[in-house]
Amino acid sequence: YKLSVSPEMDIMEYCRKEWRGNTPAAKKMRKGYEAVAQKFASIRRIRGDNYCAFRATLFQALSQATQLPRWLQSEDFTVLPENLLSKYDWIKQWQLRQKPGKRMGEISDEIKEYLMLLRKKWKNISEIKGPLEKQEACDKLFKNEEEEYSLYEALKFLMLNTAIELYNADKSGRRVPVFSWLLFARDTSSNPCQLMHNHLNHIGHSGGLEQVEMFLLAYALQYTIQVYRLYKYSTDEFITLYPNDPEEDWPVVTLITEDDRHYNIPVRMCQETML
């Protein structure tokens, strides 16, 4: 059994263990970790399957949640699968985790359950006042494999919904963020249907999130995802924000990556940073 989110460990201790050599890459990684250690004391390793971007982002969002986001409170939130299905027949080809071949007509109820689970867990955890109790609740949730993967299914569906909204906004001449053009400029995702078939259906199975999909995740959650990209140390992409022009009222979560494929999370902000 693998832990989804490992216990915390001192950042520099972790770095010394992982990057011992004297190669240019190892030196760069050590510099990168030193920079992160100015702000954060510890790191928690995230289980390395193709869901790690979801896992790291959601864990960070929940562990600092103090209220239910507006979009999770909306009346329409849980009827999203029915609403989308009534307009877009192709969503019937949505691939549910471990249930390939189940038709969307039958699984619209399951997606609805996943969305309701996301709302319930977010609400429960955001209402916990004590930081230690909140952390324990998050740890417990991410040890429950069935619930954890159901939440990722909900996130994927929210990404699809956001992609459809952006695509339609662009088609009707409204302003959309730049990443939205890039998302639909790919040969493999020139519209939301292709995005679902060639990308979203594969996340967690045969691939993780690509860069442009990190933007989509950030928009779906209305969170700014700040990422320390260690292999970009000493360039202006070392700290990358998704989206790069975030709304001011969006909360921020912080992740660490060595290669844009696997993500871990920094925890325990250093005192002076907090001041």
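## C15 in helix α1

C15 lies in helix α1, which covers residues 11-18; helices here are DSSP runs of H or I of at least four residues, strands are runs of E of at least two, and both are numbered from the N terminus. The model is a predicted one, in which local features need pLDDT of at least 70 and side-chain atom pairs count only at pLDDT 80 or more, while totals for chains, interfaces and linings use all residues. Residues are numbered from 1 along each chain as its sequence is written, and side-chain values use heavy atoms, with hydrogens and water left out.

With a relative accessibility of 0%, C15 counts as buried (buried means under 20% relative accessible area, exposed over 50% and partly exposed in between, with a 1.4 Å probe and protein chains only). Not counting residues up to four places away in sequence, C15 touches R30 and Y33, contact meaning heavy atoms within 4.5 Å. C15 and K31 are 16 residues apart in sequence, and their C-alpha atoms are 9.7 Å apart in space.

## The annotated active site

An unreviewed UniProt entry places the feature "active site" at D49, C52 and H262; such positions are given in the numbering used here, feature names are shortened, and annotations may be inferred rather than shown by experiment. These residues span 214 residues in sequence, yet no two of their C-alpha atoms are more than 8.4 Å apart, so they gather at one spot.

C52 is found in helix α3, residues 52-63, and is buried at 3% relative accessibility. H262, in the loop between β5 (252-257) and β6 (263-269), is partly exposed, with a relative accessible area of 24%. Leaving aside neighbours within four places in sequence, C52 is in contact with I46, R47, R261, H262 and Y263, whereas the contacts of H262 on that basis are I46, R47, G48, C52, I256 and T257.

Helix α11, residues 211-221, is mostly covered, with 10 of its 11 residues buried, among them V212, M214 and A218. The residue that follows α11 is Q222, whose phi is positive, near 55°.

Helix α9 (residues 178-185) packs with α11 at an angle of about 130°, their axes being 9 Å apart; axes are lines fitted to C-alpha atoms, for helices over the stretch in contact, and angles run from 0 to 180 degrees between N-to-C directions. The contact is made by F179, L182 and L183 of α9 together with V212, E213, F215, L216 and Y219 of α11.
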